[in-house]
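This report describes one protein model for a reader who has not seen it before. The sequence and structure come first, and the description follows.

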Amino acid sequence: MNVAIMGYGTIGSGVAKILSDNSALIEKRAGCRLTLTKVLDLRDFDGDPIAPLVVHDYNQIAEDDSVDLVVETMGGVEPAFTFVKAMLEHGKHVTTSNKALVADKGAELLEIARANGVQFLFEASVGGGIPIIRTLLTALTGDRIDEITGIINGTTNYMLTNMANEGCGFDEVLKEAQANGYAEADPSADIEGHDATRKIAILTSLIAEATVNYQDIPVEGITGITAEDFIYAKKLSHAVKLLAVCKRQADTFAIRVAPFLLDEEHPLYAVHGVMNAVYVVGNMLGDSMYYGSGAGSLPTASAVVGDLVSMAKEHDKASDIRWSHDTIRLADPDEQSYRNFIRTSLSESGIRECFEIESVLDLGIAGEIGVVTASMTEKAYKEACGRLSDGDIISRIRIG
């Protein structure tokens with residue numbers, strides 16, 4: 001079977017490398033040879049072995065009846081959606097690593113795939129090389145999934161790990177992440193939490209079999225996290241992690257993406273660096289966790305190639321993933337309850353006037369103390385803050 005890659009960047013080139021280096025192994029497992037025959041990109045790659053395969057018009061792939069399987073690794077919603085839609089309508093199976101595309105257009109593309117008797121797979125869109133989507137859709141089909149909590153952005157986990165270990169400030173560790181290739185020149189999608197928000201929307205849509213609008217999910221990134229937060233976290237024997245949390249509530253889900261403090265007993269406490277992990281609770285299985293490399297060329301490309309092998313083996317089948325256009329109304333985020341760690345410029349007596357306090361930490365940092373509140377709803381927290389003046393709360397991190 002012949003393969004085309006749309007977008008020959010970090011992940012697309014990784015797919016090409018795996019198809020080449022592991023060709024014999026892949027042929028044995030797929031039951032046929034997978035041959036790369038076309039690469040769509042704006043560039044020409046003169047001198048590169050793939051240069052003769054490069055095309056600049058997606059129709060040269062869509063209208064080529066010899067191409068069976070298509071990989072989309074361009075990123076963004078457009079023109080990726082237009083290109084993928086054309087491939088599916090021309091009877092080609094498609095796999096993508098593009099979380100923006102899947103979060104925005106997943107239900108629609110699956111519908112188009114079914115109508116044309118082909119498959120649309122997207123394992124690599126969440127968790128890099130961790131096979132979490134296939135696990136949810138196959139291995140755990142006997143369970144009702146009640147919770148998914150994940151560290152699903154390698155950039156932010158790398159940054160938070162280094163801030164904790166090296167005592168670095170945010171700006172310093174961001175520059176380090178960019179220098180090491182873990183953060184883009186424009187890192188906003190990662191550090192503001194939007195990447196993780198799209199990924200948890202995809203996972204929730206799959207277990208709900210309906211559409212979660214990622215724009216309905218409350219999100220906070222890590223830009224407000226400072227070196228001082230880690231001084232308190234260490235004293236509390238907690239780690240700071242950016243979590244994407246989905247919990248079933250009756251016939252809907254409570255979802256949030258934000259920094260959390262996790263104690264040493266939490267299964268995600270020891271997930272460091274660019275590694276990702278997804279913690280899943282099923283009503284029959286109970287707790288399980290899936291851990292692995294969440295970023296980078298080859299780990300993500302590995303998940304893409306896994307989809308290629310699956311599509312090759314079942315090339316006569318259409319997508320059977322259940323994901324309807326019906327949009328889920330999520331649980332009210334203001335009713336979610338958390339204990340909170342707060343750094344405040346108020347005295348202990350001053351902060352106790354507005355919050356029920358479990359413990360107080362005075363670490364000798366000038367002009368502030370830290371406190372841990374009792375569990376309270378988001379609504380109650382906002383009401384308490386409304387009785388304070390600007391600057392009274394220096395920072396707040398929920399406790400997971």
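## Terms and basis

A residue counts as buried under 20% relative accessible area, as exposed over 50% and as partly exposed in between, with a 1.4 Å probe and protein chains only. Helices (H or I, at least four residues) and strands (E, at least two) are DSSP runs, numbered from the N terminus.

The model is predicted: local features need pLDDT of at least 70, side-chain atom pairs count only at pLDDT 80 or more, and totals for chains, interfaces and linings use all residues. Residues are numbered from 1 along each chain as its sequence is written, and side-chain values use heavy atoms, leaving out hydrogens and water.

## Overall form

The protein contains 14 helices and 16 strands. Its radius of gyration is 23 Å, close to the 21 Å that the globule rule gives for 400 residues, so the protein is as compact as a globular protein of that length. That radius is taken over C-alpha atoms, and the globule rule is 2.2 Å times the number of residues to the power 0.38. Along the principal axes, the C-alpha atoms fill a box of roughly 75 × 45 × 35 Å.

Of the 400 residues, 54% count as buried. A contact means heavy atoms within 4.5 Å. Among contacts between residues at least 6 apart in sequence, 72% join residues at least 24 apart.

Helix H1 covers residues 10-21. From its first C-alpha to its last, this twelve-residue helix reaches 16 Å, close to the 16 Å expected at 1.5 Å a residue; the expected span is 1.5 Å times one less than the number of residues. The buried residues of H1 are Gly12, Gly14, Val15, Ala16, Ile18 and Leu19. They pack against strand E1 (2-6), helix H2 (23-30), strand E2 (35-40), strand E4 (67-72) and H12.

Val70 is part of strand E4 and is buried, with a relative accessible area of 0%. Leaving out residues up to four places away in sequence, Val70 touches Ala4, Met6, Ile61, Met87, Lys92, His93, Val94 and Thr95.

## Nonpolar cores

A nonpolar core is a set of buried Ala, Val, Leu, Ile, Met, Phe, Trp, Tyr and Cys residues joined through side-chain atoms within 4.5 Å. The largest has 113 residues, and Phe120, Phe122, Ile132 and Ile200 have the most contacts inside it. A second, separate core of twelve residues includes Leu243, Phe260, Leu262 and Leu268.

## Aromatic rings

Rings of Phe, Tyr and Trp (its six-membered ring) pair if their centres lie within 6.5 Å; planes under 30 degrees apart count as stacked, over 60 as edge-to-face and the rest as tilted. By this rule there are eight aromatic pairs. Phe122 and Trp323 form an edge-to-face pair, 6.0 Å centre to centre with 70° between the planes. The two residues are 201 residues apart: Phe122 is in the loop between strand E6 (120-121) and helix H6 (132-139), and Trp323 in the loop between helix H12 (297-313) and strand E12 (337-344). Phe122 is buried at 2% relative accessible area, and Trp323 is buried at 4%.

Tyr232 and Phe341 form a tilted pair, 5.1 Å centre to centre with 50° between the planes. Tyr232 lies in helix H11 (residues 227-235) and Phe341 in strand E12, so the pair ties together parts that are 109 residues apart in sequence.
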